[in-house]
Amino acid sequence: MRRRHFMGTLAAAGLLGSTGTTQVTAENGNQGNGLRGHPGVNNVIVLIGDGMGFDPIETTSTVYDDLTMSKAVQNELSMQEFVDSGFNRTSSRSGAVTDSAAAGTALATGLKAFNGQVGVYGPDGADSDELTTVMGQAEIAKAVGKQTGLVTTTRLTHATPATYATHVANRGQEGDIADQYLENEIDVLLGGGRREWDDDQLERAETIGYDVLYDRSDLQTADDGKLLGLFDHSHITYRLDRPDTIPSLPEMTAAAVDRLESEEGYFLMVEGGRIDHAEHGNDVQTTVDETKEFDEVVEWTLEYAADRDDTLVVVTSDHETGGMATGTDYGAPIARKCIKNASASCGAIAERIENGESARAVIEETLDVTITAEEATRIENERGSDGWALSDAVAEITADYLGVGWASTRHTGPAQLVVAAGLGDGRFTGWFDNTDLSATITALMLFGDSLEMPEGRDLERWEQRIKRNGPRGPRDAYIACVGYVGPVETAVQRALDTTGDGIVDYGDVLAIADGQGRPEPATQPRNRGRDRAANRQNAIHQF
C-alpha cells in the first residue's frame with residue numbers, strides 16, 4: 001500500500017492537518033537546526049521494533065506475500081526496501097542478553113548500562129544518588145531548539161521511551177519517569193499507561209500546556225500545542241484485539257509528525273513495543289500482526305522522508321525476543337492464511353476459554369486451526385492457573401499448526417537489523433555496537449553529514465592537541481561524539497569530560513561545541529544531569 005492510499009485513510013480519520021499536504025524546510029534547504037557552522041539534519045525519526053529480530057520480519061513478509069507463491073521473489077515489507085542497511089549488536093553491561101532499559105539507554109545516550117537502568121551510568125543495583133545521569137537524544141534535540149516526541153504501543157513510562165528523556169536507577173520507577181517527562185516538557189507523548197499517572201501529574205500536565213488525550217476522538221480533535229496521549233490503562237491493546245476507540249501506531253505517528261513539524265526541526269522516536277510482548281508469549285499471529293503494524297509506520301515515514309530533503313529515518317530493533325524460527329520444516333510449512341486471517345491474540349483466546357468456552361471451538365473460529373481433543377483437554381486443564389499458563393498452552397499448541405517455532409520466552413542476544421533513508425543514510429552500513437549506532441544518529445542530528453572522523457596520523461595529532469589544550473568548537477565536539485563517548489579511561493577522554501564526572505556523554509559534546517570550560521561537578525547525579533542539560537540548552541541557544 002503506497003503512501004497516497006495510506007495518507008488518504010489517515011486524512012479521512014482527521015489525523016493529518018499539514019502533515020500530508022505541506023513541508024516545512026529550513027531557510028538553508030536541508031541544513032536544519034544544528035551547531036555553529038555545521039547545521040545538522042533537521043528532522044530525525046528513529047523507529048524501534050522492540051524485540052523484533054530478523055525472523056519476525058521474514059515471517060511477516062512470508063505471510064503477507066502473494067499467497068499463490070507463483071513468483072520467484074517474495075513481496076517485501078517496507079523494512080526490506082531500504083538500500084542502506086547494517087547490523088546492530090545489542091549487548092549490555094550485564095552481558096550478551098540485554099533488557100529494553102539497557103538497550104534503550106545505549107541507543108538513546110551512547111553509553112552502556114546494566115539491565116534495568118534507564119539513562120544513567122554506574123554500578124549495577126545502585127541507588128540514584130550513586131549514578132550519573134547521561135543525556136538522551138530527545139534532551140539533546142531540545143537543547144538545540146528542536147521539537148521532541150515519543151510514541152509507543154507500550155506504556156509511555158515503559159523502558160524504551162523512558163531512556164530518551166529520563167533518568168532512573170530502575171525501570172520500575174514509572175512514576176518518577178512520568179514526573180521527568182513533565183519536567184523536560186517533551187512536546188508529544190503518545191502511548192498507553194494511564195495507570196501510571198496520578199491526578200496530580202495529569203493536572204500538572206494540563207497546567208504546563210499539555211492537551212491530555214484518552215481515546216482516538218481526543219486525538220482527532222486535540223488543540224494545537226503539547227500532547228499527552230494515554231490511550232489504554234496499561235500497554236496499548238494488541239491490534240488483533242484492539243477496540244476502535246484506541247488509535248493505531250500509524251495514526252499516532254502521523255499525529256505526532258503533524259504537531260512536531262517546524263523550521264527548527266524535530267526528533268521523534270516511535271516504538272512498536274508490543275512485538276516484544278507477543279514474542280514473550282510465543283504468540284505467532286500477534287507477533288506477525290504487531291510487526292505488520294510497525295511496518296506500516298515504516299512505510300509512512302519512508303514516503304514522508306522521500307518527499308523532503310531535510311529528514312533522516314533510522315529503523316532498528318533494540319534486541320531479539322523469543323528466537324522465532326521462520327518455519328518448522330522444509331518447503332512451505334507456515335500456515336500463511338491462518339496467520340494472516342487470525343482474529344485474536346493467544347491472550348484473548350485464553351480469556352474466552354477461561355470463561356468457559358470450548359478450546360477447540362474458539363481456536364477454530366479465531367485461527368482456522370483444528371486441534372485434537374487431547375490438545376483441547378490440555379489447554380482447558382489450565383483454567384484457573386496463575387499467570388500466563390493458559391495463554392502459553394494455547395500458544396505452544398497452535399504454533400505447531402501455524403508452522404513457526406520458538407527458542408525461548410525470553411530475550412536473546414543476536415545482532416539486529418539497521419536500515420536508514422534520507423540525509424546521511426550512507427553511514428548506516430556494516431556492523432554497529434548499539435552505542436556506535438547512537439553516536440552516528442546523534443552526530444548527524446547535530447552536525448549533519450559534512451564532517452569525518454580523522455584517521456591515522458591526523459587522529460594522533462588531534463589527540464595530542466586535545467590533551468595539551470583541551471577541546472573547543474564543533475569539530476572537536478563531532479570527534480568526541482563519534483569516537484569518545486563513554487566512561488573516562490584515557491587522557492583524551494579526561495580532557496573531553498567537561499564536568500569531570502568520569503563520563504563523556506552527549507552533554508559534554510554540546511559543551512565542547514560551545515567552547516565551555518570544565519566546571520566543578522555537582523554533588524547529586526540527578527540534579528547534575530538536569531543542571532548540565534539546562535546550562536547547555538542556554539548555551540546552545542546563543543548560536
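The largest pocket in this predicted model is lined by 33 residues, and Tyr-238, Arg-274, Gly-347, Trp-388 and Ser-391 lie nearest its centre. The space inside this pocket comes to about 750 Å³. Below is a quick tour of the pocket, the cavities and the nonpolar cores.

**Largest pocket**
- Three helices, α10 (274-280), α13 (346-354) and α16 (389-402), each supply at least two residues of the lining.
- Helix α13 provides the largest share of that lining, with 6 residues.
- Sorted by class, the lining of the largest pocket has 14 polar, 11 charged and 8 nonpolar residues.

**Cavities**
- Searching the whole structure turns up 2 cavities of 30 Å³ or more.
- The second largest cavity holds about 30 Å³ of space.
- Its lining is made up of Thr-153, Leu-249, Gly-272, Gly-273, Arg-274, Ile-275, Glu-290, Glu-293 and Phe-294.
- Both α10 and α11 (284-306) give two or more residues to this lining, and α11 gives the most, with 3 residues.
- The classes in the lining of the second largest cavity are 3 nonpolar, 3 polar and 3 charged residues.

**Nonpolar cores**
- The largest nonpolar core has 73 residues, and those with the most contacts inside it are Tyr-164, Tyr-181, Leu-228, Phe-267, Phe-428, Leu-496 and Val-509.
- Helix α17 (residues 434-447) contributes the largest share of this core, 8 residues.
- A second, separate core of 40 residues includes Leu-77, Leu-219, Ile-236 and Ile-275.
- Leaving aside residues up to four places away in sequence, Leu-228 touches Leu-156, Leu-189, Trp-197, Leu-202, Ala-205, Tyr-210, Asp-211, Val-212 and Leu-213.

Terms used:
Residues are numbered from 1 along each chain as its sequence is written. This is a predicted model: local features need pLDDT of at least 70, side-chain atom pairs count only at pLDDT 80 or more; totals for chains, interfaces and linings use all residues. Side-chain values use heavy atoms; hydrogens and water are left out. A nonpolar core is a set of buried Ala, Val, Leu, Ile, Met, Phe, Trp, Tyr and Cys residues joined through side-chain atoms within 4.5 Å. Buried means under 20% relative accessible area, exposed over 50%, partly exposed in between (1.4 Å probe, protein chains only). Helices (H or I, at least four residues) and strands (E, at least two) are DSSP runs, numbered from the N terminus. Contact means heavy atoms within 4.5 Å. On a 1 Å grid over the protein atoms alone, a cavity is a set of points where a 1.4 Å probe fits but cannot get out, and a pocket is an open set with protein on both sides within 12 Å along at least five of seven lines; lining residues have an atom within 4 Å of a point. Grid points are joined across faces, edges and corners, and a volume is the space filled by probe spheres set on the points. Ala, Val, Leu, Ile, Met, Phe, Trp, Tyr, Cys and Pro count as nonpolar, Asp, Glu, Lys and Arg as charged, and the others, Gly among them, as polar.
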